[in-house]
Amino acid sequence: MLHFIDGLANQAHPRDELIEGLLKPAAQISPKFFYDDLGSRLFDAITELPEYYPTRTEAAIYRQEARSMAQMLPRQPIVLDLGAGNCSKGEALFEWLKPAAYVAVDISLGHLKPNLTALHSRHPQLPKLGWGLDFSKPFNLDAGVQDWLTRHQLEGHPWMVFYPGSSIGNFSPTDALNLLERIRHLCTSNSHQGPIHSQKGGGLLIGVDNVKPLAVLESAYNDALGVTAAFNRNLLLHVNRLLGSDFDLDGWAHFAKFDEAHARIEMHLESLVPQTVRWSGGSRHFVKHERIHTENSYKWTPEAFVDLLQSTGFSAPMRWTDPQHWFNVYWAPC
Ligand SMILES: C[S@@+](CC[C@H](N)C(=O)[O-])C[C@H]1O[C@@H](n2cnc3c(N)ncnc32)[C@H](O)[C@@H]1O
């Protein structure tokens, strides 16, 4: 009932992507590189910080609105949890959603494995697949996933793609559009035949952070304890392992700020001294105060996000929010 597939082994090694980002005039490293084992645990710690409102606000929406969501969502779906992390948000839906199966996708397979194994001991009857994958690149349900679906007689069950945590905010509007198109294609792919073909079809349940007062936004990414700073700087240790580079942590400081023009939090690492970072076959010099852009976290108003969903072909979504309207959860049928 519990199975793992390492799809990362079939994807290109990130070396070229990292070098390309480091050599840009304004250096950048994708936020997906935050998530080695330690980075994933640091993210879990961030979700417990008083300043970090998104996780607890979103989780409360699922608790408060479970009855209303249960009426809208398909029965016995295959839940595909994109960026499942510690799987806690996915598990919180099980009681009322009654999924037929749970597929947890994450780039941080070393973190996913123990968490999905622990979840398995609490829900031993539910078929579960842990799928290591970088979904920022085009992906398909590969042969291993198809075999697993067949073995568990899951053909015909609707896909419910679950994408919480406002992780869609890490993508630029253009990249978000491309990812949503891929998701829509995926959730239309398993509903053509099978035992429960006639019931409600699949779709996307997605959690998205809203624009809100500047002080609330900026303190969520500049916590007093410095956990977000450690999370940001740990990325350099991960890059050192992936690239064989020699980033020295002492030379880099965390920086996070809201950019109103783009409605996004930006995270950077700022060089504290002039320094040259080397890796096999290349190097990059950084002057004092030069920054590496490590994350965007776009905040979407409901109007703009509904437009984005509909422009990728999803049907008119249902929306739930919290009393302060800080966070929105959308159900978009595909
Ligand atoms: C912000 S955390 C959200 C975790 C959890 N879903 C939540 O809402 O609390 C992002 C998660 O997505 C995973 N992730 C980030 N980029 C990814 C990518 N390109 N492909 C697969 N997983 C990714 C990370 O490892 C992490 O578990």
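A charge is said to sit over a ring if CZ of Arg is within 6 Å of the ring centre and within 35 degrees of the ring normal. Arg291 gives an example here: its charged end sits over the ring of Phe255, 3.6 Å from the centre. The model you are looking at is predicted, and a search of the whole structure turns up 16 aromatic pairs. Here is a short tour of some of these contacts.

**Aromatic pairs**
- Tyr35 and Phe43 make an edge-to-face pair, with 6.2 Å between ring centres and 65° between the planes.
- Tyr35 is partly exposed, with a relative accessible area of 23%, and Phe43 is partly exposed too, at 24%.
- Tyr52 and Tyr221 also pair edge-to-face, at 6.2 Å centre to centre and with 75° between their planes.

**Where Tyr52 and Tyr221 sit**
- The Tyr52–Tyr221 pair links distant parts of the chain, its two residues being 169 residues apart.
- Tyr52 lies in the loop between helix H2 (37-46) and helix H3 (53-64), while Tyr221 lies in the loop between helix H9 (214-220) and helix H10 (227-243).
- Both tyrosines, Tyr52 and Tyr221, are buried.

**The cluster they belong to**
- Both pairs fall within one aromatic cluster, formed by Phe34, Tyr35, Phe43, Tyr52, Tyr221 and Phe231.

**Charges over rings**
- For Arg291, the ring under the charged end is that of Phe255.
- Arg284 has its charged end over the ring of Phe286, 5.0 Å from the ring centre.

Definitions and conventions: Residues are numbered from 1 along each chain as its sequence is written. This is a predicted model: local features need pLDDT of at least 70, side-chain atom pairs count only at pLDDT 80 or more; totals for chains, interfaces and linings use all residues. Side-chain values use heavy atoms; hydrogens and water are left out. Rings of Phe, Tyr and Trp (its six-membered ring) pair if their centres lie within 6.5 Å; planes under 30 degrees apart count as stacked, over 60 as edge-to-face and the rest as tilted. Buried means under 20% relative accessible area, exposed over 50%, partly exposed in between (1.4 Å probe, protein chains only). Helices (H or I, at least four residues) and strands (E, at least two) are DSSP runs, numbered from the N terminus.
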